[in-house]
Amino acid sequence: MAVGSVTSGGAGRPCSHRLTLEPDPGAARRARRFVRESLAAAGRPEWVDAGELAVSELVTNAALHARTTVEVGVEVHPDHARVEVRDFNLTQPSQRHYGQQATTGRGMALVASVSSGCGTTSLPDGKVVWFELRTPDHEPSEEDLLAAWDEEQWDVADGFTARAADGDRPEPDASPRRVQLVGIPPTLWLAAREHHDALLRELTLYLATHAEPVVDLAAVEGARQSFSNAVLAAAEQARRTAPDPVRLSGLPVALEAVDLDLQLPPWTGPAAAALQDALDAAEELARQGLLLALPGQAEVVAVRDWVCEQVQSQLQGAPARAWQGARHERFEIPGHELAPEAAAALEEALTAVREAAVRSGRGFVAIDAGSRVLAVDDALAAALGWEVAELVGRRVVAIIPPALREAHVAGFSRHLGTGESRVLGAPLVLPVLHADGREIPCGFLIERRPTAAGHWLYLAWIEPVGA
């Protein structure tokens with residue numbers, strides 16, 4: 001539903017347009033059309049592209065996180081236009097430290113890069129996020145655009161990490177209850193939360209044009225504000241206060257686990273279930289290739305399930321159960337089969353890898369983006385105590401020492417979401433897990449190769465040290 005109004009400007013006065021939107025998945029689409037029509041009517045078509053892009057970002061943020069009515073205002077002056085997006089949630093944008101290529105955490109950076117100025121204004125009953133458009137004196141250089149995209153200038157978690165609307169929460173028996181999260185893995189949770197943010201954002205955009213799946217976005221935001229953000233804060237605090245981590249060949253190991261004691265109202269139980277349902281739906285869409293985000297690593301899915309289930313069960317009176325870690329053998333089993341076209345493309349790429357391995361005499365392990373082992377040469381498998389047929393099809397964590405698994409999963413998950421990596425192309429020496437439990441120091445060189453179907457093949461050339 002949308003309600004609009006127009007105030008015509010007299011001589012020298014701006015023309016003002018206003019639109020009221022409900023916080024549903026179609027809000028961003030209606031806001032884009034509103035800004036496009038407002039600027040076109042004022043004879044400023046050159047500002048339309050930037051205006052549509054920026055307002056879409058802000059209204060998507062408000063619909064996803066603020067969960068209140070959204071008001072969009074456009075004022076067109078002779079030399080500039082000002083667009084304001086108002087919501088009625090008091091929480092201000094909060095900083096995040098996601099990577100340069102992350103698909104989330106870049107909302108205001110995007111707005112800054114396409115506008116001549118932007119900012120926020122606090123109000124007694126909410127806030128206004130605004131941006132201005134004007135014709136520049138000169139075309140922006142690459143340096144200008146990169147400066148506007150500066151991570152430290154506008155590094156926010158897609159805008160508003162805000163509480164759910166009060167009307168979305170049940171009122172009876174709202175007294176807080178104790179929930180203990182024992183043994184939270186900070187390194188893994190930070191990667192998991194970044195992945196959650198990307199999935200939920202992609203899901204919200206998907207729902208703007210699709211009726212299914214049905215998810216309760218208000219409850220999802222309530223869960224994020226009530227306990228997910230608390231876990232995030234604990235993980236970030238652990239990262240900031242930890243001593244310099246022990247490093248292997250320049251790679252940090254996972255931070256020590258932390259415990260968190262929360263006081264949560266009963267409505268967070270259903271909210272936790274809604275968050276699980278939404279993320280499960282998004283994971284399925286990602287597996288089908290319908291989102292930009294990739295499916296989560298098994299450990300990333302498991303740690304968010306553990307947090308959500310602990311909230312639900314403890315609010316029902318069950319005792320706390322500590323995180324069991326990523327060492328369990330269940331994480332060595334892939335969660336879903338490869339699509340036929342992906343499998344065929346990867347197998348084609350592996351042909352060249354096998355030929356190169358024969359020529360060089362080096363051992364190799366090849367995996368896909370799901371960490372599934374696609375191929376391993378005979379000599380390396382034997383050196384690690386495996387039959388080739390036993391190792392192929394498992395996840396690569398089967399040969400990663402348990403103490404390094406969470407750091408590996410977190411790093412690989414972040415790489416898949418942002419493109420960043422500290423290890424690609426860098427010579428490394430790391431321990432590899434033998435089938436009998438021994439750790440064998442090995443030299444590594446890791447690379448990735450594209451396939452014809454647009455997927456990535458990850459290739460580790462491995463040689464036991466002293467071999």
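Start by selecting L181, W189, F227, L275, V365, I399 and F444: these have the most contacts inside the largest nonpolar core, which has 79 residues. Such a core is a set of buried Ala, Val, Leu, Ile, Met, Phe, Trp, Tyr and Cys residues joined through side-chain atoms within 4.5 Å; buried means under 20% relative accessible area (1.4 Å probe, protein chains only). Next, show helix α5, residues 186–207, which gives the most to this core, with ten residues. Helices are DSSP runs of H or I, at least four residues, numbered from the N terminus.

This is a predicted model, in which local features need pLDDT of at least 70 and side-chain atom pairs count only at pLDDT 80 or more, while totals for chains, interfaces and linings use all residues. Residues are numbered from 1 along each chain as its sequence is written, and side-chain values use heavy atoms, without hydrogens and water.

Centre on L275. Leaving aside residues up to four places away in sequence, L275 touches L200, V220, A223, F227 and C308 (contact: heavy atoms within 4.5 Å). Another core, of 30 residues, lies apart from the largest one and includes F34, L58, C118 and L133.

Now select α6, residues 217–241. Of its 25 residues, 18 are buried, so α6 is largely enclosed by the rest of the structure. At the start of α6, a side-chain oxygen of D216 comes within 3.3 Å of the backbone nitrogen of A218.

Finally, colour by pLDDT, the predictor's confidence in each residue, from 0 to 100. The mean for the protein chain is 82. Over residues 95–106 the pLDDT is below 50, as it is over residues 148–172. Where pLDDT is low, the predicted coordinates should not be read in detail.

Technical notes. Helix = DSSP H or I, 4+ residues; strand = E, 2+ residues; numbered from the N terminus. Expected span 1.5 Å × (residues − 1). Buried < 20%, exposed > 50% of the residue type's maximum accessible area, 1.4 Å probe, protein only. Polar contact = N/O pair within 3.5 Å; in protein donor to acceptor, adjacent residues only side chain to side chain.
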